[in-house]
Amino acid sequence: MEVLVKQATIEAEAGCDIIAPSDMMDGRVGAIRAGLDQADFVDVSIMAYAAKYASAFYGPFRDAVGSSATLSGDKRTYQMDPANTDEALREVELDILEGADMVMVKPGMPYLDIVRRVQEAFGMPTFAYQVSGEYSMIMAAVQNGWLDADKAMMESLIAFKRAGACGVLTYFAPRAAQMLARSP
């Protein structure tokens, strides 16, 4: 926990406006909030990875950074069971009570129902993370000529908004921004 607080403080000193710890340790949001407040970074927000599921959709990222070969064990010991929706609400509530300014559901597309439940239950700024596997799945279909890239991208991003997400963290961000900038 000490290392997370130190890391968050260093990031705030470097100019970060939002700290988004992905570790999933209980109590991390409260510790980081207290550390930031103590260091006079009361305006630095915390985006909690509040509902982070053990998911096959993280695979392409793990392959890209080479962690698939080096990590042993199973993240199901600290990431949530994909079949459990009620745990997501409990985890989100704990992070809010500890001082989270916004919450995130990860991955996004397979958990649109969770995004909706979180938004309806708490009314907090709720974000979704469209992870590497979601992006890769769409892009593989595009490369095979099965989907139109821009249409599939936008349809996937609109689904998050329909589910209640205030924002989406996505590998499509640069492409979507360019497309939206060209729109009348």
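The structure is a predicted model, in which local features need pLDDT of at least 70 and side-chain atom pairs count only at pLDDT 80 or more, whereas totals for chains, interfaces and linings use all residues. Residues are numbered from 1 along each chain as its sequence is written, and side-chain values use heavy atoms, with hydrogens and water left out.

Helix α5 covers residues 86-97, twelve in number, and spans 17 Å from its first C-alpha to its last, close to the 16 Å expected at 1.5 Å a residue, where the expected span is 1.5 Å times one less than the number of residues. Helices (H or I, at least four residues) and strands (E, at least two) are taken as DSSP runs and numbered from the N terminus. Just after α5, Gly 99 adopts a positive phi of about 115°.

Strand β1 (residues 18-19) pairs with β2 in the parallel sense over two bridges, pairing being assigned if DSSP finds at least two bridges between two strands, and Ile 18 has Ser 45 of β2 as its bridge partner. Strands β2 and β3 run parallel and are joined by four bridges, and the partner of Ala 51 in β3 is Val 105.

A search of the whole structure finds six salt bridges, each defined as a side-chain nitrogen of Lys or Arg within 4 Å of a carboxyl oxygen of Asp or Glu. Among them, Arg 117 pairs with Asp 86, their closest N and O atoms being 3.1 Å apart; this pair links distant parts of the chain, with Arg 117 in helix α6 and Asp 86 in helix α5, 31 residues apart. Arg 117 is partly exposed at a relative accessible area of 29%, and Asp 86 is also partly exposed, at 40%. Within helix α6, Glu 120 forms a salt bridge with Arg 116 at a closest N to O distance of 3.8 Å, and because the two are four residues apart, they are separated by about one helical turn. Arg 33, Asp 37 and Asp 101 are linked in a network of salt bridges.

A further salt bridge joins Arg 175 to Asp 150, with the closest N and O atoms 3.0 Å apart. Arg 175 lies in helix α9 (residues 173-182) and Asp 150 in helix α8, so the pair ties together parts that are 25 residues apart in sequence. Helix α8 (residues 149-163) also contains Ser 156, which counts as buried at 5% relative accessibility. Apart from neighbours within four places in sequence, Ser 156 is in contact with Met 109, Gln 130, Ile 138 and Phe 172.

Definitions and conventions
Buried means under 20% relative accessible area, exposed over 50%, partly exposed in between (1.4 Å probe, protein chains only). Contact means heavy atoms within 4.5 Å.
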